[in-house]
Amino acid sequence: GKQRCDFLVLLAHAPLGGPARAAKLARDPLLSAPAAERGVTAAQLVIAWLIDLSPVIVPVVGARRPESARALAAATSIVLDDEA
């Protein structure tokens, strides 16, 4: 018989917009100020927001450097409040 799937997973491909747009995040005052207040980068804040938005969203980030991958993985532990 058929199996029923009760959930949907949304893969957010290139959630930072690719390398060129990701660099712009750090300069965007709407993201950089709240990120700095929390001691994280703008990119980490965006990833944390996507994760917080819904449990079915999985950000797929293509980090080219190990330190970038580690920094973005750390975004999974960021707890956002209602203001964020």
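This is a predicted model: local features need pLDDT of at least 70, side-chain atom pairs count only at pLDDT 80 or more; totals for chains, interfaces and linings use all residues.
I started with the lining of the largest pocket and sorted it by class: 11 nonpolar, 6 polar and 3 charged residues. (Ala, Val, Leu, Ile, Met, Phe, Trp, Tyr, Cys and Pro count as nonpolar, Asp, Glu, Lys and Arg as charged, the others, Gly among them, as polar.)

Residues are numbered from 1 along each chain as its sequence is written, and side-chain values use heavy atoms, without hydrogens and water.

Next I looked up the volume of that largest pocket, and got about 520 Å³. (On a 1 Å grid over the protein atoms alone, a pocket is an open set of points where a 1.4 Å probe fits, with protein on both sides within 12 Å along at least five of seven lines; lining residues have an atom within 4 Å of a point.) Of its 20 lining residues, I found Leu-16, Ala-22, Ala-63, Ser-68 and Leu-72 closest to the centre. Helix 1 (18–25), helix 3 (42–53) and helix 4 (66–74) each give two or more residues to this lining. (Helices are DSSP runs of H or I, at least four residues, numbered from the N terminus.)

Then I checked how helix 3 and helix 4 pack: the angle is about 45°, with the axes 8 Å apart. I saw Ala-43, Gln-44 and Ile-47 in helix 3 meet Ala-71, Leu-72 and Ala-74 in helix 4 (contact means heavy atoms within 4.5 Å). That contact has 5 nonpolar, 1 polar and no charged residues.

Methods: Grid points are joined across faces, edges and corners, and a volume is the space filled by probe spheres set on the points. Axes are lines fitted to C-alpha atoms, for helices over the stretch in contact, and angles run from 0 to 180 degrees between N-to-C directions.
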